[in-house]
Amino acid sequence: MKQVDVLIIGAGAAGLFCAAQLGQGGKKVLVLDSGKKIGRKILMSGGGFCNFTNLDVTPQHYLSQNRHFVKSALARYSNWDFISLVASYGIAYHEKELGQLFCDEGAEQIVNLLKAECDKGGVEIALRQAVIFVEKFAHHFQISTGSEQFQAKQLVIATGGLSMPSLGASPFGYKVAEQFGIGIVPVRASLVPFTWKEGDKAFATLSGIALPVSVSTPRKTFTNQMLFTHRGLSGPAILQISNYWEMGESVEIDLLPSENILDILHTLRQSSPKLQLKTVLARYLPKKLVELWVEQKMLQDDVIAQVSKSALQALAQLVHHWQFLPNGTEGYRTAEVTMGGVDCHEISSQTMEANQVKGLYFIGEVLDVTGWLGGYNFQWAWSSAYACAQGILTSGQK
Ligand SMILES: Cc1cc2nc3c(=O)[nH]c(=O)nc-3n(C[C@H](O)[C@H](O)[C@H](O)COP(=O)(O)OP(=O)(O)OC[C@H]3O[C@@H](n4cnc5c(N)ncnc54)[C@H](O)[C@@H]3O)c2cc1C
């Protein structure tokens, strides 16, 4: 049976980064992953260019039932630390918008960086090794893939969430938590597109149209692009609000956040009364959306002078306060992250070690920590991995 100091399950962002720190700190480290490749999600991320962090990272960019949990790890390994590491590898990067940093050449640059860091620490990585069982003994853990058994003094669970099963997502990390009596905050797909209700399916004809909107739930508002799709609504504004949305709740969408359509219509009613209402609206909103409203009798097909003030008010309500009730979301198939996970009240925010299970650690997305869209989830992977590695390295010195 192979014996190591630390065994890490999951060769994703968190697992690889943690392994590199530990290896470079002198630990004998083995990383197991069920997939054929390391860093599969990283390769797919940011449209193939990996949005690896953000220029502005604060605890407010994260959701967790334990809202103070992220503070320590983010402070100890910050976005600037990871940016320096990226720069030290000569990887060119750029800011796309809102502080989001992407590689210039491709996401494989980040995977190569992580592999090089692991190599520096002599980390061993074994692929096509799906762990099916772990067991704790007095001074070690025993880990089984069915065909092979491993022994480790410390065990790090870096198995990620449930999003994108095609990229190896599995509930194994949650099962390990449950096995050791650690709570799980209920999970759901997040950073995910919404789907149409039956009655809204006519909007599917607008598929491909994007426009800037403000979208709100009672808890949050985001202003960014929204995209109509065949199945529902997507785009950054929608993905962001999905973190703050609950099933059965409507979201309010302002389709023209930079203007006041009622003021515009009142002014035009005086100055250009013979203008068609739909022509005016099409100056500010996608023409196809305006045509669909006319077809659906949501918009009067008339010159502006013929439209009553109350009808204009109702139209302004539709433009600025569209109440959209999603049928649901596209689910884990397309979600970027999983909301919920291993309950952070039961994990040390300093070291990521389970409070009641010595030697067992959870890092990255498997924890109940969900970042906004924009590089925040990778930053959590780096920061939590670093905290864990430091915790393990210093635990031996005590
Ligand atoms: C399409 C897509 C694009 C994204 N883009 C971005 C982005 O640009 N910026 C950003 O910040 N975030 C992005 N994210 C989110 C980000 O990828 C994740 O938050 C991050 O990868 C989580 O890292 P992790 O190491 O915790 O888990 P993962 O990267 O999911 O790694 C977990 C690993 O564990 C392995 N595993 C699971 N179970 C077992 C088992 N039983 N045995 C062995 N191995 C197992 C899996 O194969 C996997 O390799 C994106 C997500 C997706 C799906």
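**Conventions.** Helices (H or I, at least four residues) and strands (E, at least two) are DSSP runs, numbered from the N terminus. This is a predicted model: local features need pLDDT of at least 70, side-chain atom pairs need 80 or more, and totals for chains, interfaces and linings use all residues. Residues are numbered from 1 along each chain as its sequence is written, and side-chain values use heavy atoms, without hydrogens or water.

**View 1. The residue shell around the ligand.**

View 2. Pairs of N or O atoms within 3.5 Å are shown. A polar side-chain atom of Ser170 lies 2.7 Å from a ligand nitrogen. A polar backbone atom of Phe378 is 2.8 Å from a ligand oxygen. At Ser34, a polar backbone atom sits 3.1 Å from a nitrogen of the ligand. Taken alone, the ligand exposes 1,000 Å², and the protein buries 95% of that (Shrake-Rupley method, 1.4 Å probe).

**View 3. Helix α1 packs on helix α12.** Their axes come within 8 Å and cross at roughly 35°. Axes are lines fitted to C-alpha atoms over the stretch in contact, and angles run from 0 to 180 degrees between N-to-C directions. From α1, the contact takes Ala13, Ala14, Phe17, Cys18, Gln21 and Leu22 (heavy atoms within 4.5 Å). From α12 come Phe378, Ala381, Trp382, Ala385, Tyr386, Cys388, Ala389, Ile392 and Leu393. The residues of this contact divide into 14 nonpolar, 1 polar and no charged.

**View 4. Helix α8 packs on helix α11.** Helix α8 spans residues 261–271 and helix α11 spans 309–320. The two pack at about 145°, with axes 9 Å apart. Ile261, Leu262, Leu265, His266 and Arg269 make the α8 side. Lys309, Leu312, Gln313, Leu315, Ala316, Val319 and His320 make the α11 side. By class, this contact has 7 nonpolar, 3 polar and 2 charged residues.

**View 5. Arg333 in its loop.** Arg333 lies between β18 (328–329) and β19 (337–342). Arg333 and Ser166 are 167 residues apart in sequence, yet 7.8 Å apart in space, C-alpha to C-alpha. Leaving aside neighbours within four places in sequence, Arg333 is in contact with Met164, Pro165 and Arg231.

Conventions: Polar contact = N/O pair within 3.5 Å; in protein donor to acceptor, adjacent residues only side chain to side chain. Nonpolar A, V, L, I, M, F, W, Y, C, P; charged D, E, K, R; others polar.
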